[in-house]
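Work through the exercises below with the structure in view. Try each task before you read its solution.

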Amino acid sequence: MDTLQPVPNWGTIPRMLRDQAANHPGTEVVQGRSLSGEPVTLTLADLAGKAAEVARGLLALGIETGDRVAIWAPNAPEWVVTAYGLWDAGAVVAPLSTRFKGIEAAELLRKTGARVLFVAEGFMGTSYLDLLADAGGEPAADRPYAGLPDLEYVVSYGHAGPAGRHRVLTWEAFLSGGAAAPPAVAEKRALSITGDDLGEIMATSGTTGTPKGVMLHQSQLLRGYWDWAEIVTLTEVDHYPIIAPFSHGFGINAGLLACVLKRATMMPIAVFVPDELMDLIERERVSILAGAPAMFFKILEELDGGPGRPARDVSSLRVLICGAAAVPPELIRNLVDRIGLERMINAYGLMEGTVVSMTRPEDPVEVIAGSTGRAVPGVAVRVVDDEGKDVPPGERGEILVGGYGVMRGYWKDPEKTAEAVGPEGWLRTGDIGTLDGDGNLAIVDRKKEMFIFNGFNGYPAEIEALLLHHNDLAQAAVIGVPDPRSGEAGWAYVVPKAGAVADPAEVIAWARENMSNYKVPRRVFVVDALPLNVNGKVDKPLLRLRAAED
């Protein structure tokens, strides 16, 4: 039986931040390096003050409650300050992955109608503005990019980018402009936000290949990640590196939001380097860590050192959080026995349903290794057959999720919303799983077409749509195949346009220039035609058989 403390009666993220800053002003909640490499430490009072400055800057640009604002940057203190500033201003956070190339970013900016974009221009030598210019068109008279009619301003954390581009502000100029918005006006806006106001639009893709925006509201976010943090036992004594990108639901919500909810110290990681993580664990006495099994294997390997490598002290770790369909039992036993963990947690969640299930402290190793635990309070889980009827314990079926965490829909896409969420509010996840007699949920298969490359979800239909931007391709079909290094990888079968010649190596090179790394097909096969089934659709099972032969 869960005995979780109920979420305080904050109602909204801005009110939560104000209450925490008023009662615990000196508590450190951010420790890391800025995008320029400078060390940064922020207390709750610091964060509240800087968020208010960002909110005033947004009000000065004319941002209203419900307007979408995008952030295209790696994990850094600037990201944290900007997000809380957006929530103060009543804006909706619409993150973009730093793995995106120009086509992908422009598509989501158009989809959400973002009015302002914050961007880490020049980070690690990348010009995000140049990437966007290639996809967004030349500057317009009153817009930064003619191909993005809703985008009014770009705020650059780095330099201002290409000379002459309209309405590209430096971070400093943006903050200075906030002087035009009186503090009292900004405070009134922050306190006017309600729990029913939209807090985030998180990008996701499905079998349609069209990016969709998952709408998550303030009340859902507060409840879901307060309970998540309660089960994790996150507290203000914890130091917690956030490796998952803030552009992903886990990073922003189970990291950036959860740490302020519980006054823990978040440590944003802009670029994940295993050896640097080990140094951080030792130096800062890291106590909470979330990641995939491969990371935890690495920690075990480093414990005793080796030729030219010193032994590592990771005894400060007390809770590890994994989000995998299955975790090797021996890995859990070794972590608990050799490090002295208080607990290892496995969990299941998805963008459309927030937190679904988590293992609990009393669960034996076999439950943690073989399941994602029981549904969290306020969430219901069913496993059903093709007719929508519940299957007996232990039998496979599609996972349905109900309760407060289910999204209220996809942004401006009622048809896709109706396909995903039934009239009684049950979310069809497309994942296949089983429930045991104790209610523990095991994930036994992923969505029909999705593959997982190094922990990133690859959606074939989305990759196919991106490949068709290539001038020489008429058709494309992508499948996921087992890969010894990445777990799974995408292979593409492509049909050239009439009169064109497609070269596999050139297609892969093009994809590397125009897609996130995890979406790039690892092999490309040029074919005269794609196999079709009796319904006229691409016969993916046949392609998988062909891939096995190849």
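**Exercise 1.** Classify Glu236: is this residue buried, partly exposed or exposed?

*Solution.* Start with the cut-offs: buried means under 20% relative accessible area, exposed means over 50%, and partly exposed lies in between (1.4 Å probe, protein chains only). Glu236 has 38% relative accessibility, so Glu236 counts as partly exposed.

A word on the source: this is a predicted model, where local features need pLDDT of at least 70, side-chain atom pairs count only at pLDDT 80 or more, and totals for chains, interfaces and linings use all residues. Residues are numbered from 1 along each chain as its sequence is written, and side-chain values use heavy atoms, with hydrogens and water left out.

**Exercise 2.** Find the salt-bridge partner of Glu236 and say which parts the pair ties together.

*Solution.* Recall the rule: a salt bridge is a side-chain nitrogen of Lys or Arg within 4 Å of a carboxyl oxygen of Asp or Glu. Glu236 pairs with Arg263, and their closest N and O atoms are 2.9 Å apart. Now place both residues. Glu236 lies in the loop between helix H8 (218–232) and strand S10 (239–242), and Arg263 in the loop between helix H9 (249–262) and strand S11 (265–268), so the pair ties together parts that are 27 residues apart in sequence. Helices (H or I, at least four residues) and strands (E, at least two) are DSSP runs, numbered from the N terminus.

**Exercise 3.** Which residue forms a salt bridge with Arg18?

*Solution.* The partner is Asp88, with the closest N and O atoms 2.9 Å apart. Arg18 sits in helix H1 (residues 13–23) and Asp88 in helix H3 (residues 77–88), so this pair ties together parts 70 residues apart in sequence. Check the cover: Asp88 is buried, with a relative accessible area of 2%.

**Exercise 4.** Describe the salt bridge between Arg189 and Glu64.

*Solution.* First, the distance: 3.4 Å, N to O. Next, the places: Arg189 lies in helix H7 (residues 183–192) and Glu64 in the loop between helix H2 (44–60) and strand S3 (68–72), so parts 125 residues apart in sequence are tied together. Arg189 counts as buried at 13% relative accessibility, whereas Glu64 counts as partly exposed at 46%.

**Exercise 5.** How many salt bridges does a search of the whole structure find?

*Solution.* The search finds 29. Some residues form a network: Asp275, Lys298, Glu302 and Arg309 are linked by salt bridges.
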